[in-house]
Amino acid sequence: MRRLPDAQPPEPARRGYLDGVRAAAPIGVAAVAFGVSFGVLARSAGMGRVAPVVMSLTTFGGSAQFAAASILGAGGGVVTAVVAAVLLNLRYGPIGLSTATALTGPWWQRALTAQLLVDESWAIAQRDDGRIDRHLLVGAGLLLLVGWTGGTAVGTFAGDLVADPESLGLDAAFPALFLALLWPQVGERSRLLAAVGGAAIALALMPFTGAGVPIVAASLACLVGARRS
Amino acid sequence: MSAVWITVIVVGLATIAIKAAGPLLVAVRTPPPRARSALEHLAPALLAALVVTQSLGGDNGGFTIDPRLAGLAAGAVALLLRAPLLLVITAAALTAALVRLIT
């Protein structure tokens with residue numbers, strides 16, 4: 001890498017797709033492990049070998065897939081499974097909105113890039129000013145998509161050989177990731193307020209609503225940014 | 001068609017539509033400054049909600065207190081010590097695994 005002379009003002013670092021891949025690598029390990037456990041669960045829920053992989057590739061959202069598979073496995077029926085999964089994925093509405101100004105190109109390209117949105121790729125693509133870096137999003141999203149889908153395939157075929165990700169503490173990696181990415185964003189007072197508001201709304205709703213609803217409702221806290229400053 | 005495939009296809013199509021909706025709708029017109037500012041506050045609000053739901057959420061809704069919380073605390077300590085992201089995540093996972101091992 002070329003070093004800039006010290007006298008120049010620091011340019012905002014230009015990030016490429018590879019930076020996104022690199023940034024997502026540690027959480028990619030957890031994504032593979034949970035992909036494997038989704039494959040195992042889906043198989044034991046009677047989803048066969050192909051459908052779970054197709055679901056990982058198209059739905060590409062862990063919590064919704066786990067919910068759908070466990071409902072089908074418990075004999076809960078198609079409607080219940082679909083409603084639960086769609087409710088969980090409704091958060092990609094507000095998440096997609098937050099990336100809208102960062103995505104460029106023709107409509108099909110924006111729609112395609114948006115498919116790489118999962119909580120983790122979106123979180124990794126955050127810049128400290130609360131906006132999204134498209135290159136980071138694409139790099140991180142592709143790595144996670146490959147890891148998650150590949151893990152699912154491994155799980156449906158050879159799941160018994162792999163350790164339970166929870167015994168490795170990998171379920172704690174996700175909240176820690178989100179906290180680490182939230183950290184540099186809340187230096188500004190109004191953003192701190194939005195974070196506190198979002199957490200409070202989620203906490204208040206969690207005992208009463210199904211999973212998924214609290215996160216969608218928490219997005220209302222962004223309205224603190226709409227006040228005249 | 002089997003229940004499994006109907007679920008996979010309907011959930012897949014719905015998710016693809018939900019993910020694409022924001023970028024397709026907003027790009028039609030550049031949002032006014034106050035809407036833009038609200039959009040930029042979506043990230044901290046959603047990230048904070050994800051921290052809460054991923055550390056406390058139970059399998060079937062509601063709260064569950066389990067070793068994830070200890071892991072999150074370890075991650076927070078690592079953040080206070082200005083550790084890099086990889087170390088923050090590793091500290092959280094190792095702590096949760098340890099707590100699970102001894103309890």
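Among the elements of chain B in this predicted model, mean pLDDT is lowest for helix H2 (residues 33–40), at 80, and highest for helix H4 (residues 68–80), at 96. Chain B as a whole averages a pLDDT of 88, and 93% of the residues score at least 70. The scores for the model are ipTM 0.88 and pTM 0.78.

Helix H2 of chain B contains B:Ser37. This residue counts as buried because 20 C-beta neighbours lie inside 10 Å, and 20 is the number from which a residue is classed as buried. Apart from neighbours within four places in sequence, B:Ser37 is in contact with A:Gly225 and A:Ala226. B:Ser37 and B:Ser2 are 35 residues apart along the chain, and a distance of 46 Å separates their C-alpha atoms.

The contact between the chains involves 86 residues from chain A and 66 residues from chain B. On the side of chain A that touches chain B, 58 residues are nonpolar, 23 are polar and five are charged.

One helix pair across the two chains is formed by helix H5 of chain A (residues 92–99) and H3(B). Two packed helices are described by the angle between their axes and the distance between the axes. Here the axes come within 10 Å and cross at roughly 145°, and the crossing is left-handed. H5(A) contributes A:Pro94, A:Ile95, A:Leu97 and A:Ser98 to the contact, while H3(B) contributes B:Leu42, B:Ala43 and B:Leu46. Six of the residues in this contact are nonpolar and one is polar, with no charged residue.

The largest nonpolar core comprises 103 residues, of which A:Ala173, B:Leu47, B:Ala49 and B:Ala92 touch the most other members. Helix H1 of chain A (residues 17–44) supplies the largest share of this core, with 13 residues. For B:Ala49, the contacts beyond four places in sequence are A:Gly198, A:Ala199, A:Ile201, A:Ala202, A:Pro214, A:Ile215 and A:Ala218.

Helix H9 of chain A (residues 173–182) is mostly covered, with ten of its ten residues buried. The buried residues of H9(A) include A:Ala173, A:Phe174, A:Pro175 and A:Leu182. Within chain A, the buried residues of H9(A) pack against H1, helix H7 (119–124) and helix H10 (189–205). In chain B, their packing partners are helix H3 (42–56), H4 and helix H5 (85–102).

Technical notes:
Residues numbered from 1 in each chain as written. Chains lettered and ligands numbered in written order. Predicted model: local features only at pLDDT ≥ 70, side-chain atom pairs only at ≥ 80, totals over all residues. Core = buried A, V, L, I, M, F, W, Y, C linked by C-beta atoms within 7 Å. Buried ≥ 20, exposed ≤ 12 C-beta atoms within 10 Å, placed from the backbone. Helix = DSSP H or I, 4+ residues; strand = E, 2+ residues; numbered from the N terminus. Contact = placed C-beta atoms within 7 Å. Nonpolar A, V, L, I, M, F, W, Y, C, P; charged D, E, K, R; others polar. pLDDT = per-residue confidence, 0-100. Axes fitted to C-alpha atoms, helices over the stretch in contact; angles between N-to-C directions. Left-handed = near helix turned anticlockwise from the far one by under 90°.
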